[in-house]
Amino acid sequence: MSGHVAKVRTRMSADRAAAAVAKMDARNAKAPESVLSIPTTVRYGHVPLRTSLTPARIPHAGAAIRQVGCTRRVFLLSPYLTSAEVNGLAYRIEVLGRNSGINSVLIATNDDDDLASGALPSSAVEAQLTKAPFDLFGTETGFGKVWHCAGGYDALDLYTSGEYKDPEQVDQLLTGIRNLALATRGVTRDEQSNPVPSNVPVITVPHGLVHDGGYALCMGSYVMATRDSTFAIKNPAKGLSFDPVGFSFLLPRLGWEYSQVSADYPVGKMLALTGMEAQANDMLETGLATHYMGEPSKVAMLERTLSELPPWEQQKILQQPAISYDEIDELDDCNEEFRNVAVGHCLHTFARYDAASQEIWNMGEIDFREQQDPSLVLESEAIGMNVERSSDIVTWAATFEDIFARESSVHGIIERLKEVSSKQDGDEEDRQVAEMAGSMVKKMERRAPLALCAIFKLMEMGRPNLESLESCMEREKKVQQNLIAMEDYQNWAKAAASASASGNKAAPFTAWKHKSVKEVSNDEVEQLLG
């Protein structure tokens, strides 16, 4: 027997313990292994920023989930997610949607540096910032910066990692994007794959740019745009088409849900083909966002308020009627009309206005101007009622409606825009229209011709009323799989990887297989769909 005292390890580090518990829980729940790629915590303190599934080439996990009272906060730590993270986050949001013990899922970004804070709740970070010297605000706190919020997956990393060569991995990635969009939208399924209604709403606050597959996180019940929220379709500049989010279903129907003016114009087609960036007010006027929050600093108070609201199962007023033992049929939920109402009212108080044109001060027939003394209040200072709102995107879609709505090909659209851009004579308004037409032509000619034609075809096929979101997703997935295997995407990625390795900013890539959309044949587009 040795005379040395044995040293016995009786505990693990917090990070290792959390990882071990998460792995055991996932195994017991028969969840896919990908759920382990999304770090989660219910404790106060830093969330582990790496998991066993985080690739060595990536510094930290792309997202994390934290329990904050009766809500679940999803932190976006990176604008791009890996394939495992996309699938893992989709599964977690789907399960959380069925959880009757919470009231909401909050996917939010703001000016906080969630990496530096270890994904602490925004209310806790806000408390720490109040101790910072005033002269640091606007510099180290990130105020006024425009963040890259969500882009789905990194198309360049897909190439440099070599995953684009494996059809199975590409299929897994695109299926994950589709599932993430459906889970955020509230489409959940039970163990037998039967549709089950989601209980709680998903709320997204996209403070920054959202593009392509990243919009999967904005498919929920509420999208609260901030002053810096923007949306764009960037994939055609990489030789790619729509990610399977359902854009070919959503974009032709912009403005329909809230009976907006944008429903009368080809806003979606213009956004998809030109890559124009929709600002926050454009997102509201087209239904891409549901509410305008304005200041991202409201996220902390919103998070705290949601944490204190009762969970879904306790949102009830009426008592469920008693049933006898011989009654087998399950009774309807007598409190169904009261569920999630408090959450909706809460979000309304944090918004300046919503997509349905309801101003926060629009209270029925009350006109506060009648209560103001005209001798003390100037006309310019009077409280505004039902303020007129506008959108540059909708305005340009109305201006070029005859071109984008009636031309039957991308080539026809470009040629008509060239005709307009050549008319530099006339008044200042005519010159502005000509300049915008010329700008659209330049943007479209820089994009991959085959990808543009594929997008045009997808939107034409997704327009009929008989189409569904999921049928459009399936077509988008098939087209994207084929484009990833083709030379346009691979040549773009090769050029971008070379520029990145040399430390230079990549110039817009234009060496596409086809020199113009006129060279793209109908058979080539049909093959992408086949």
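The model is predicted, so local features need pLDDT of at least 70 and side-chain atom pairs count only at pLDDT 80 or more, while totals for chains, interfaces and linings use all residues. Residues are numbered from 1 along each chain as its sequence is written, and side-chain values use heavy atoms, with hydrogens and water left out.

Start with the whole chain. It holds 19 helices and 13 strands. Both are DSSP runs, numbered from the N terminus: helices are H or I with at least four residues, strands are E with at least two. Of the 530 residues, 48% count as buried. Buried means under 20% relative accessible area, exposed means over 50%, and partly exposed lies in between (1.4 Å probe, protein chains only). Contact means heavy atoms within 4.5 Å. Among contacts between residues at least 6 apart in sequence, 73% join residues at least 24 apart.

Now take helix H11, residues 341-350. Its buried residues are Val343, Gly344, Cys346, Leu347 and Phe350. Seen down the axis of H11, these fall within an arc of 160 degrees, so they line one face of the helix. The arc is taken from the directions from the helix axis to the C-beta atoms. An α-helix has 3.6 residues a turn, so residues three or four places apart point the same way. The face of H11 turned away from the buried side carries exposed His345 and Thr349. What do the buried residues of H11 pack against? They meet strand S8 (202-205), strand S10 (222-226), strand S12 (291-294) and helix H10 (298-308).

The loop between H10 and H11 contains Asn340. Its phi is near 65 degrees, a positive value in a residue other than glycine. Asn340 has 21% relative accessibility and therefore counts as partly exposed. Ser259 also has a positive phi, about 50 degrees, although it is not a glycine. This residue sits in the loop between helix H7 (247-250) and H8. At 67% relative accessibility, Ser259 counts as exposed.

Next come the helix pairs. Two packed helices are described by the angle between their axes and the distance between the axes. Axes are lines fitted to C-alpha atoms, for helices over the stretch in contact, and angles run from 0 to 180 degrees between N-to-C directions. Angles under 35 degrees count as roughly parallel, over 145 as roughly antiparallel, 65 to 115 as roughly perpendicular and the rest as oblique.

Helix H8 (residues 267-274) packs against helix H12 (residues 392-399) at about 100 degrees, with the axes 9 Å apart. That makes H8 roughly perpendicular to H12. Val267, Met270 and Leu271 of H8 make the contact with Ile393, Val394, Trp396 and Ala397 of H12. The contact residues divide into 7 nonpolar, no polar and no charged. Here Ala, Val, Leu, Ile, Met, Phe, Trp, Tyr, Cys and Pro count as nonpolar, Asp, Glu, Lys and Arg as charged, and the others, Gly among them, as polar.

H8 also packs with helix H15 (residues 428-446). Their axes come within 8 Å and cross at roughly 55 degrees. That makes H8 oblique to H15. Met270, Leu273 and Thr274 in H8 meet Met440, Lys443 and Met444 in H15. This contact divides into 4 nonpolar, 1 polar and 1 charged.

Further along, helix H16 (residues 449-462) and helix H19 (residues 522-529) pack at about 65 degrees, with their axes 10 Å apart. H16 is thus roughly perpendicular to H19. From H16, the contact uses Leu450, Cys453, Ala454, Lys457, Leu458 and Met461; from H19, Glu524, Val525, Glu526, Leu528 and Leu529. These residues divide into 8 nonpolar, no polar and 3 charged.

Two strand residues remain. Arg73 is found in strand S3 (residues 71-76). Is Arg73 buried or exposed? At 0% relative accessibility, it counts as buried. The C-alpha atoms of Arg73 and Ile107, 34 residues apart along the chain, are separated by 5.9 Å.

Ala150 lies in strand S5 (residues 148-150). It counts as buried, at 4% relative accessibility. Leaving aside neighbours within four places in sequence, its contacts include Leu76, Pro79 and Leu217.
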